[in-house]
Structure formats: C-alpha cells, structure tokens
Amino acid sequence: MAKVVVGAPLRGVLRPRAEGLENIPRSGPAILACNHLSVSDHLYLPLVVPRPIAFMAKAEYFMQPGIKGWARGALIKGMGQIAVDRSGGRAGVDALKRALPVLQNGGLHGIFPEGTRSPDGRLYKGRTGVARLALEAKVPVIPIGLIGTDVAQPIGKAMPDPRAEVIIKIGKPLYFGRYEGMERDKHIVRAVTDQVMDEIRRLTGQEYVDRYAPRNTSKGDTGGE
C-alpha cells in the first residue's frame, strides 16, 4: 500500500530512468543485486520496478523516538523493508534467514553485495551473502547498476535532488543451478559473487576495487548482506 501511495508522487518528482525492465520477471522469486552509491538507492529502485522489493534496513530505523521516528519506521516497514540487527557478528546470518522467506514466497529481495555505500564512487568487492542466498533459495540473481544516485543524494545530504539524472540499468538474470547444494563451498560462493559483481560493473562502468569497502558508520547507512 505504501508503495502505491508514496511511489507515484516520488516517481513524478525524482524521475529516474530505467533500462532493461523486461529483465524483471512478472512473477516468481529473484534477488536484485545492486551497487551501492547512496542512502537513496533503496528508494530509487522500487520507483521503477512494478513489483514490491524487500530490502534489509538497520533495526535502528524501526526504533527511532518521536512521531517522526515512528512515521519513518512505519513507511520503511510499509515499503516492505526488513529490520536486521547489524551490531553483532551474526548480523549476516540473521539477514539471510530473514531474506529466505521472501524468496520462498515468490518475492523479490534487494541486496547490496558491497555491504555498505561506496566511499568514492568505485565498485568494491562483493560479500558472499548474495551467492549463499541465491544457491540456498535456488533463485536467479538480477544484476542492477545504479548510476547518478550519489550525485542526487551524496553522503550528508538530507534529501535527493530531483534535478539530478538517475539511470537504473537492469541486466539479464544470472542462473546458478549448476552449483545447487554447494552454498557452503567458499570457492563456489566467491566465484558466484565475483560473477555478479562483474555484471554490475559492466552495467555501471565503475572502476572495480578488489577489496571490501570500509564500513560507513554515518547516519543513514543502509548496509547490505
């Protein structure tokens, strides 16, 4: 409901341009794997994808004080986002457990394999949660390249600039059925993750950095798995 009520006005204001929407299945489960440039990434993608997308969001977003905090938490929950506690060492495991039912019920799950926003616009090494989830759930991964969201809403800016051009490139689904049952093999999950990241890089044209991005601890970091 929140996607319908809020999405249409926002889409009219922000006007993101999508390429490759035909690669999003009309029904059935899939993982949408995106690069991560801005806190608004989780906002722009649902504006162009007609189906609901469940993203992970920090648990703190659901527990902020006051009326404004309650309203923000209600909006995030209404848009289908899932609260995850990222404070402990098992945060990644918790995120995957919460994402699995979304896929088992035929939904779309959005994930940022970099795990945090890029600090400099480059594409960083992906964390293997995307591969483990895809293999365990037996679902395709759709690579997505977000372009211009860091210009629309750079770190420290409260709201996205509607004048900025944002392009969302959606790649063809990647299938990994040949690796079924191998989600615990560290070499396999790394190879699958690297393939996903290479497809994202191809869509965005970003320079690739073969190391993990430093965790952004500033307010508003959406994180990932």
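Leaving aside neighbours within four places in sequence, V196 is in contact with A33, V141, P143, L174 and F176. The model that shows these contacts is predicted. V196, A33, V141 and F176, along with I31 and L133, touch the most other members of the largest nonpolar core, which has 25 residues. At least two residues of this core come from each of β2 (30–34), α4 (91–104), α5 (129–137) and α7 (186–204). Helix α7 supplies the largest share, six residues. In soluble globular proteins, nonpolar side chains tend to be buried together.

The strands come next. An open sheet of six strands runs in the order β1-β9-β8-β2-β6-β3, with mixed pairing. Its edges are β1 (17–19) and β3 (53–54), each of which pairs on one side only. Within the sheet, β2 pairs with β6 (residues 108–111) in the parallel sense over four bridges, and A30 stands opposite L108 in β6.

Helix α5 lies across β2, β6 and β8, at about 170° to β2. Helix α2 (residues 41–48) lies across β1, β2, β3, β8 (141–147) and β9 (167–170), and its angle to β9 is about 70°.

For the chain as a whole, the secondary structure amounts to seven helices and 10 strands. Of its 225 residues, 51% are buried. Among contacts with a separation of 6 or more, 79% are between residues 24 or more positions apart. The accessible surface is about 11100 Å², and carbon and sulfur atoms account for 55% of that surface.

Terms used. Residues are numbered from 1 along each chain as its sequence is written. This is a predicted model: local features need pLDDT of at least 70, side-chain atom pairs count only at pLDDT 80 or more; totals for chains, interfaces and linings use all residues. Side-chain values use heavy atoms; hydrogens and water are left out. A nonpolar core is a set of buried Ala, Val, Leu, Ile, Met, Phe, Trp, Tyr and Cys residues joined through side-chain atoms within 4.5 Å. Buried means under 20% relative accessible area, exposed over 50%, partly exposed in between (1.4 Å probe, protein chains only). Contact means heavy atoms within 4.5 Å. Accessible areas come from the Shrake-Rupley method with a 1.4 Å probe; for residues, only the protein chains shown count as cover. Two strands pair if DSSP finds at least two bridges between them. Axes are lines fitted to C-alpha atoms, for helices over the stretch in contact, and angles run from 0 to 180 degrees between N-to-C directions.
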